[in-house]
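I opened this notebook to record what I looked up in the structure. The entries follow the order in which I consulted it.

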Amino acid sequence: MTTYSFPANFLWGAAASGPQTEGADNKPYRSIWDSWHAHQPERFFQGIGPEKVCETLHKYKEDVALMKKIGFNSFRTSIQWSRLIEDVETGKPNAEAVRFYNDYFDEMINQGIEPMINLYHFDMPEVLQNRYGGFESNHVTDLFALFAKTAFTLFGHKIKYWITFNEPIVPVEGGYLYDFHYPCKKDGKLAAQVGFNIMLAHAKAVKCYRELNLSGEIGVVLNLTPSYTRSDSPEDKKAAWYADLLFNRSFLDPLVKHQFPQELCDVLAKHHCLPDVSHTDVTLITESRIDFLGVNYYVPRRVKARETEYALDYFTPEFYFENYIDPDGRFNPYRDNNEIFPQAIYDIATNIRDNYGNIKWYLAEIGIAMDLESEGPVQQDGIIDDSFRIELMKEHLVQLHRAITAGANCFGVHQWTFIDNWSWINSFKRRYGFYRLDLATGQRQIKRNGLWFKTLAQSNQFSCEDDS
C-alpha cells in the first residue's frame with residue numbers, strides 16, 4: 001500500500017450550482033432553463049425540469065449539516081442571477097434573495113465550510129435572452145457587471161473566493177453549435193461572438209471586484225479536456241492541435257496568458273466567424289488578471305484527422321478533426337460508455353505548470369457518473385454501495401498527487417457533486433452525489449463514496465495499492 005498526502009490547508013469539498021439545486025420558488029425572473037422546460041419539456045430526460053430539484057432554498061441548513069458530516073472544508077455553489085436581481089437593468093437586489101444567500105453562506109461559514117461562490121452557471125435570465133439575445137449582446141455584459149457588483153457589495157465581506165463563470169465554453173457549444181442548451185442555435189459566428197462577450201463580461205466583473213478593494217480572490221472555472229491522437233502521424237497531431245486551440249486555448253489563453261492566440265483569430269477569419277469587437281474591449285480582457293483558476297475534468301477528448309468530408313453548413317471545430325474512440329480504452333459502463341483516463345489529470349496539471357505560469361489552481365469538478373440501477377438499493381447498513389466511484393477517484397487522485405509532487409500549484413479538489421442534482425437536459429439520468437436524492441420524498445441518503453471522502457478530507461491523505 002502507498003499513502004498519498006496532500007499539502008497543508010488543502011481544500012476538500014464538492015461543487016454544485018444554484019439552478020441545479022435551489023429550485024425555482026420566489027425568483028423575480030425565470031431563467032432560460034425555467035422557460036425552456038416550460039415550452040419543451042420533452043427535451044428533458046423524463047420531462048423533469050428545474051422547478052423543484054433539491055429544494056436547497058428550503059433545506060440549506062439540513063444540507064450544510066450533511067456537508068459537515070462528511071468532512072467538507074469548502075463548497076462551491078452559484079448565485080442565481082434570476083434570483084438575486086430584482087431589476088436586471090439596474091442591478092437592484094431582491095430582499096428575500098439577499099436574506100437567503102446571507103443565511104446560506106453564514107450557515108456554511110459557521111460550520112467551518114469555506115463558500116466558493118460562482119456568478120454564472122449557464123442560467124441567463126429569460127428576459128435578457130428574449131430582449132437582447134443574452135450574451136450575443138455587448139449590453140448584457142454591462143448588466144452582468146451590475147449583477148456582479150451587487151453580489152460583491154452584498155457578500156464580499158464574507159466570501160473569500162469568487163468565480164465569474166463556470167465552463168464559459170459550454171453555453172457557446174450547447175447554445176450555438178450543438179443544440180443542447182437554449183437558445184438552440186447553430187451559427188459559428190454567433191458562437192464566437194458569445195464566447196468573446198462572455199470573456200468581456202468576466203473582465204468587467206473582475207474590474208468591479210478590484211475597484212471595491214475587497215480582501216478575497218477572484219477566478220474562473222474552465223473545463224479543460226486534453227486532446228489525444230489516434231496515432232503519431234502528422235495529420236492526427238495537427239487534428240489534436242486544432243481541437244486544443246478551439247476548445248481549450250480559446251478561453252485559457254486570453255484569461256490566463258492575457259493574449260488571444262493569433263492562430264485562433266486566423267481560423268475564425270477563414271470561416272467568416274470573427275466576432276465584432278472593439279480595441280477597448282480586447283484590452284479590457286487581456287489586461288484582466290485572475291487570482292486562481294478552477295479546472296473541471298471528466299473525460300479525455302480523442303481525435304483523428306478528418307477522413308470524411310465536413311457536411312455541416314456552418315462552422316464548428318470538427319471542421320478540423322473527427323472524434324475517435326480508443327479501441328483499447330477503459331470505459332464507464334454506467335455513463336454512456338465514456339472513457340476513463342486518469343492520466344489526463346497529470347497532463348492538465350503539467351500543462352498549467354509549464355505553459356500558464358504555474359498559476360494557482362484547484363480541481364473544481366471531477367465526478368464519476370452512475371445511474372440508480374448501477375448504484376443499487378440501500379444496503380442493510382443504510383448505505384448505498386457506489387464503491388466503483390471510490391476506486392476510480394483514487395486513480396485520479398494518484399495522478400493529481402503525482403503532478404503536485406512535480407510542482408503543480410494545486411490547492412484543492414471538489415467532486416461533482418454533493419447531492420444528486422438536476423443536470424440540464426439530462427435531469428436526473430446521471431447520478432454523481434455523495435448523497436442520493438429521492439425525487440419523491442426529497443430524502444438524502446449517504447453513499448459509500450461519501451464515507452470514504454470523509455476519511456480523505458479529515459486526514460488529508462488516502463492509501464491504495466501500488467500498481468508498480
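**Entry 1: Strand 11 and its neighbours**

I began with strand 9 (residues 227-229), which runs parallel to strand 11 and is joined to it by three bridges. I take strands (E, at least two residues) and helices (H or I, at least four) as DSSP runs numbered from the N terminus, and I call two strands paired if DSSP finds at least two bridges between them. I noted that this is a predicted model, in which local features need pLDDT of at least 70 and side-chain atom pairs count only at pLDDT 80 or more, while totals for chains, interfaces and linings use all residues. Residues are numbered from 1 along each chain as its sequence is written, and side-chain values use heavy atoms, with hydrogens and water left out.

I found that Tyr-228 has Arg-302 as its bridge partner in strand 11. On strand 12 (residues 322-323), which runs antiparallel to strand 11 and is joined to it by two bridges, Asn-323 stands opposite Val-303. I then checked the side chains of strand 11 (residues 301-304): Arg-301 and Val-303 point one way, Arg-302 and Lys-304 the other, and all are buried. For accessibility I use under 20% relative accessible area for buried, over 50% for exposed and partly exposed in between, with a 1.4 Å probe and protein chains only. In a regular strand the side chains alternate between the two faces of the sheet.

Between strand 15 (residues 361-365) and strand 16 (residues 410-416) I found two bridges, and Leu-363 has Val-413 as its bridge partner in strand 16.

**Entry 2: Helix 7**

At the N-terminal end, Ser-137 caps helix 7, with a side-chain oxygen 3.0 Å from the backbone nitrogen of His-139.

**Entry 3: Salt bridges**

I counted a salt bridge where a side-chain nitrogen of Lys or Arg lies within 4 Å of a carboxyl oxygen of Asp or Glu; the count comes to 38. In the pair Glu-89 and Arg-131, the closest N and O atoms are 2.8 Å apart. Glu-89 lies in the loop between strand 4 (85-87) and strand 5 (92-93) and Arg-131 in helix 6 (residues 126-132), so the pair ties together parts 42 residues apart in sequence. Glu-89 is partly exposed at 27%, and Arg-131 is partly exposed at 47%.

I next checked Lys-447 and Asp-420, whose closest N and O atoms are 2.8 Å apart. Lys-447 lies in the loop between strand 18 (444-446) and helix 16, and Asp-420 in the loop between strand 16 and strand 17, so this pair ties together parts 27 residues apart in sequence. Lys-447 is buried at 0%, and Asp-420 is buried at 1%. Salt bridges with shared partners join Glu-375, Asp-386, Arg-389, Asp-420, Arg-431, Arg-436 and Lys-447 into one network.

Notes
A polar contact is a pair of N or O atoms within 3.5 Å; within protein, one must be able to donate a hydrogen and the other to accept it, and residues adjacent in sequence count only if both atoms are side-chain atoms.
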